[in-house]
Amino acid sequence: MKKSKTLQIATVAAVASLLSCGAVVAQAADMGWNGKAEAPRYQEQVFPPWQHGENNPTMDKGFNFTVPEIDDLADFHGSIDNPQLTIFVGGNYYFAMAPLVKAFEKEHPALRGKIYYETLPPGILIKQMKQGGTITIGNMTWTVKPDVYAAGLKKVNAFIKEGLLQGPAVPYVTNDLTIMIPKGNPAHITGLQDLGKPGVRLSMPNPAWEGVARQIKMSLTKAGGPALEKMVYDTKVKNGETILTHIHHRQTPLFLMQGLADAGVTWKSEAIFQEQAGHPIANVAIPAKDNTTAIYASAVVKGAAHPKWAKDWVNFLKTPTALQIFEHYGFKPYTGK
């Protein structure tokens with residue numbers, strides 16, 4: 001009898017313990033990370049800034065405190081202490097800016113260490129401009145007004161018409177889309193139509209502030225009609241199989257390397273940069289009939305504080321020196337066709 005009672009007590013205690021554990025698990029699952037958060041790894045080879053300081057044109061960098069995934073400010077380059085040329089450029093070629101700036105400084109030594117640039121999405125840069133150049137990130141607020149704005153040709157012309165920029169818009173290179181995938185292509189992606197398959201997880205640019213989303217939608221429609229475009233940018237967004245970027249398509253290779261996505265449409269130049277950087281990234285080409293070409297252009301900002309340097313930069317982007325840098329990443333010179 002004593003054994004039976006002891007067994008009953010032990011059983012009740014075990015059940016209570018299990019219930020308690022279940023409550024802890026349930027509580028963890030209700031937290032912001034759904035109980036799936038991992039300890040940070042701070043892998044510098046995975047998290048930006050990927051160029052390890054090469055994209056910072058400042059001469060005196062002082063004490064370097066960069067913590068990947070936490071304190072990195074990957075889209076802000078240089079010093080805000082009295083820059084002599086400030087460039088707002090859509091993040092489509094953040095990786096090309098360091099060699100472009102170095103080449104420009106070589107031609108204009110007076111600007112060495114005095115160039116500041118941002119590589120946020122074009123729509124976000126315009127929002128910053130409309131706030132007088134003031135931006136807040138975390139606990140820091142600063143103001144810097146651009147001399148040059150660069151984005152897609154249509155956007156640049158639209159902002160000239162709106163009065164934010166002064167004409168003319170100067171086009172310089174073009175770019176095509178590709179499907180970025182993890183090295184080895186574990187999801188066996190062969191083309192755009194595969195992106196609509198159930199279970200294929202995607203990372204896609206957010207239409208709210210990225211112009212490339214419009215071009216991607218055009219390509220999806222060419223390849224699979226409105227149904228494919230809706231599947232990728234509506235149905236899969238709702239069911240969680242499409243992650244919309246919160247910054248720009250620089251996040252797509254990051255999501256791929258973390259195993260959070262199987263594929264994502266980006267510009268071909270970005271996939272080439274990732275491969276050149278030694279990251280486990282590859283890409284699947286999109287046929288010309290389904291692809292969409294972007295034309296990049298720049299213009300001087302209306303009321304720019306440094307109009308001479310601004311014009312020099314705009315003109316520099318068309319020179320053989322600049323075009324050679326762009327071609328290294330898969331861009332093609334703009335021919336007017």
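How many of the five residues of strand β6 (residues 148-152) are buried? Four of them are buried, so the strand is largely enclosed by the rest of the structure; buried means under 20% relative accessible area, exposed over 50% and partly exposed in between, with a 1.4 Å probe and protein chains only. The model is a predicted one, in which local features need pLDDT of at least 70 and side-chain atom pairs count only at pLDDT 80 or more, while totals for chains, interfaces and linings use all residues. Residues are numbered from 1 along each chain as its sequence is written, and side-chain values use heavy atoms, with hydrogens and water left out.

Helices (H or I, at least four residues) and strands (E, at least two) are DSSP runs numbered from the N terminus, and two strands pair if DSSP finds at least two bridges between them. Strand β6 runs parallel to strand β2 (residues 85-89), to which three bridges join it. With strand β12 (residues 293-301), β6 pairs in the antiparallel sense over five bridges. Ala150 of β6 stands opposite Val89 and also opposite Ser298 in β12.

The largest nonpolar core has 60 residues, and Tyr93, Leu100, Leu195 and Trp313 have the most contacts inside it. Such a core is a set of buried Ala, Val, Leu, Ile, Met, Phe, Trp, Tyr and Cys residues joined through side-chain atoms within 4.5 Å. Helix α2 (residues 94-107) gives the most to this core, with nine residues. At least three residues come from each of domain 1 (54-172 + 297-333) and domain 2 (175-290), the bounds being those of an automatic or database domain assignment. Beyond its neighbours within four places in sequence, Leu195 is in contact (heavy atoms within 4.5 Å) with residues including Ile179, Leu220, Val232, Lys236 and Val265. A second, separate core of 20 residues includes Leu125, Trp142, Phe159 and Ala297.

Phe104 lies in helix α2 and is buried, with a relative accessible area of 0%. Not counting residues up to four places away in sequence, Phe104 touches Leu85, Leu111, Ile115, Trp309, Asp312, Trp313 and Phe316. Its C-alpha atom is separated by 9.0 Å from that of Thr321, 217 residues apart along the chain.

In helix α3 (residues 122-130), the buried residues are Pro122, Leu125, Ile126, Gln128 and Met129. These residues line one face of the helix, because they fall within an arc of 160° when seen down the axis of α3; the arc is that of the directions from the helix axis to the C-beta atoms. Gly132, whose phi is positive, near 75°, follows α3.
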